Amino acid sequence: MKRLALMTRRGFAAGPAQELEGVRLRRDRQALKTAGAGLIAQVLGYGARLAVIPLSLKLLGTERYGLWLAVGSLIAWGGIADFGFSPGLVNVVAGASGHADREAMRRHISTAFVVYTVLAAILALAVLAVSQWPGLPALIGVRNPDLAKETRLLVAVCGLVFAGTMLTRVIPTACTALQEGYLGVWSYLVGSLVSLVLLVPLVRGGGSLLSYALVISVPPLAAEAALGVYLFGWRHPDLRPELRSCDRGSLRALWGFGGPLALYQTANLTVLYSANILIANRLGPAAVPQYSVPYAMFAILTATAWLIVSPYLPAYAEASARGDWHWIRRRGIAAVAVTAALLGGGGALLVLIGPAAIRLWAGGEIKPATGLLAALACFCLLKAVSNANGVLLTGLGLVKLLAGLYLTVAALYGAAAWFLLPRMGIIAVPLAGAVAHLLDAGISLPYALRHIRSSDQRRIAAACSTAPIKPARPTLNA
């Protein structure tokens with residue numbers, strides 16, 4: 001292990017061939033384990049969602065369900081308060097794992113836990129203030145005075161629950177950093193299934209928008225807290241967060257990734273959650289389900305691709321710390337290829353069967369045009385490729401490039417959608433997203449591959465410079 005650590009610090013590939021191959025096999029095994037668990041959980045989770053959407057429409061009606069979606073998108077903007085610490089924590093903990101430094105891993109986790117506690121308190125106060133803002137109902141297109149009152153209460157309750165998830169965020173993030181992300185997947189699935197079970201009697205007995213919000217949002221938060229007890233109380237007690245383990249060095253390391261990644265997350269939230277708000281503002285809340293319900297079908301494919309590629313983030317970071325550039329290159333290209341195949345084939349199928357399937361699924365309330373579905377297929381394909389490239393760039397530590405690219409994507413997407421919505425209708429949203437992500441896809445992967453190639457060349461040059469030079473054997477001239 002001393003030899004392995006010394007070679008890692010010098011930038012060489014990790015140790016003897018057998019040991020390096022064992023490390024590579026473990027990376028792939030853990031990533032596949034997380035991806036497999038995620039895919040199983042997604043099948044069950046989206047099965048539950050297929051039941052939740054018609055139940056929600058039956059309980060709330062189209063307008064209130066559209067309000068719920070718009071408020072959910074608004075609250076999701078609170079994710080900006082993460083400031084990029086989640087992916088930053090994955091990088092620094094995975095890097096410390098590559099050096100087998102458990103003490104450094106504990107310091108990083110402890111520091112992140114304190115940071116998230118402070119951020120959760122600030123976010124809770126901010127949400128309460130926003131819920132009292134006079135312009136809040138108009139922001140999401142609510143003009144009915146009775147519905148405006150419900151809007152304020154819904155924002156306050158959902159915002160406080162979201163602040164609670166900020167407090168527990170270190171738990172699934174630590175699982176991901178330890179290449180055990182499947183634990184977070186199972187936790188979220190359990191919470192989602194509990195929500196579904198509680199929703200059925202609520203629909204039968206009749207419930208308010210507030211009771212619906214509590215049933216949907218509280219069980220996943222409770223499941224995440226229970227995962228924390230298991231993770232730090234039994235599975236990895238040596239990594240349990242404690243106040244005395246926090247230090248400024250860990251905070252600087254986290255912020256070194258967190259600063260640029262905060263910009264990336266802000267841009268990503270713009271792409272993910274501004275659509276419902278833009279549609280509600282420009283066309284009214286009743287138009288939101290006309291986009292969000294068809295999008296939900298394509299989001300299944302995007303989420304599936306994400307479950308396949310995201311477990312490689314800590315693996316990329318750990319391999320980068322070891323200088324295993326050949327493995328990173330092969331996995332990065334494979335991730336993009338699998339993503340493109342999945343979204344290309346699956347998207348084409350949804351375009352064909354989507355109109356009939358969605359009408360049946362939504363009870364005839366939603367009737368999407370084929371053109372909208374085709375635009376959604378292109379948008380989600382390019383978004384998924386962009387996600388795969390983003391995982392690779394983050395694992396390599398190229399977070400400044402990632403932030404710059406995605407800020408450009410978000411600005412182009414938001415401006416184009418805002419301008420085109422009144423003129424083209426809801427199809428403007430996926431068209432704007434497709435064009436914006438095409439720009440990202442054409443830049444991010446080529447840049448990452450050039451970085452990998454140059455890093456590997458530097459590693460080889462460093463190895464050659466430290467190798468002893470043998471004197472040349474004298475030769476006789478003919």
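User: pLDDT is the predictor's confidence in each residue, from 0 to 100. Which element of the protein chain has the lowest mean pLDDT?
Analyst: This is a predicted model, where local features need pLDDT of at least 70, side-chain atom pairs count only at pLDDT 80 or more, and totals for chains, interfaces and linings use all residues. Residues are numbered from 1 along each chain as its sequence is written, and side-chain values use heavy atoms, with hydrogens and water left out. Helices (H or I, at least four residues) and strands (E, at least two) are DSSP runs, numbered from the N terminus. The highest mean, 92, belongs to helix H14 (residues 370-395), and the lowest, 40, to helix H1 (residues 2-10).

User: What is the average pLDDT of the protein chain?
Analyst: Start with the share of residues that score at least 70: it is 91%. The chain average is 82.

User: How many contacts beyond four places in sequence does the model have for residues 1-15?
Analyst: Contact means heavy atoms within 4.5 Å. Where pLDDT is low, the predicted coordinates should not be read in detail. Over residues 1-15 the pLDDT stays under 50, and the number of such contacts is 27.

User: And how many contacts beyond near neighbours in sequence does the stretch 471-478 have?
Analyst: Here, too, confidence comes before counting. The pLDDT of residues 471-478 is below 50, and their count of these contacts is zero.

User: Is Gln179 buried or exposed?
Analyst: Gln179 sits in the loop between helix H7 (170-177) and helix H8 (182-205). Apart from neighbours within four places, its contacts include Arg26, Thr34, Pro314 and Glu318. The cut-offs are under 20% relative accessible area for buried, over 50% for exposed, and partly exposed in between (1.4 Å probe, protein chains only). Gln179 has 7%, so it is buried.

User: What is the phi of Gln179?
Analyst: Most residues other than glycine have a negative phi. Gln179 is not a glycine, yet its phi is positive, about 60°.

User: Why does the Arg102 and Asp238 pair tie together separate parts, and how many residues apart are they?
Analyst: The two form a salt bridge, with closest N and O atoms 2.9 Å apart. Arg102 lies in helix H4, while Asp238 lies in the loop between helix H9 (209-235) and H10, so the parts joined are separated in sequence by 136 residues.

User: Which residue forms a salt bridge with Arg106?
Analyst: Arg106 is buried, because its relative accessible area is 16%. The closest N and O atoms are 3.1 Å apart, and the partner is Glu242.

User: Which residues are joined into one network?
Analyst: Glu180, at 8% relative accessibility, is buried, whereas Arg235, at 30%, is partly exposed. The network is built from salt bridges that share partners, and it joins Arg106, Glu242 and Arg244.

User: Which residues make the nonpolar surface patch of about 380 Å²?
Analyst: Patches use residues with over 30% relative accessible area and no salt bridge; like charges are joined within 9 Å, and nonpolar side chains (Val, Leu, Ile, Met, Phe, Trp, Tyr) within 5 Å. Areas come from the Shrake-Rupley method with a 1.4 Å probe, and for residues only the protein chains shown count as cover. One member, in helix H4 (residues 102-131), is Val118. The patch is made by Val114, Val118, Ile122 and Leu243.

User: What is the relative accessibility of Val170?
Analyst: Val170 is in helix H7. Beyond four places in sequence, Val170 touches Leu89, Ile109, Ala112, Phe113 and Tyr116. Val170 counts as buried, because its relative accessibility is 0%.

User: How far apart in space are Leu283 and Pro422, C-alpha to C-alpha?
Analyst: Leu283 is in helix H10 (residues 248-283). Leaving out residues up to four places away, Leu283 touches Leu278, Leu421 and Ile426. In sequence, Leu283 and Pro422 are 139 residues apart; in space, the C-alpha distance is 7.3 Å.

Note on methods: Salt bridge = Lys/Arg side-chain N within 4 Å of Asp/Glu carboxyl O.
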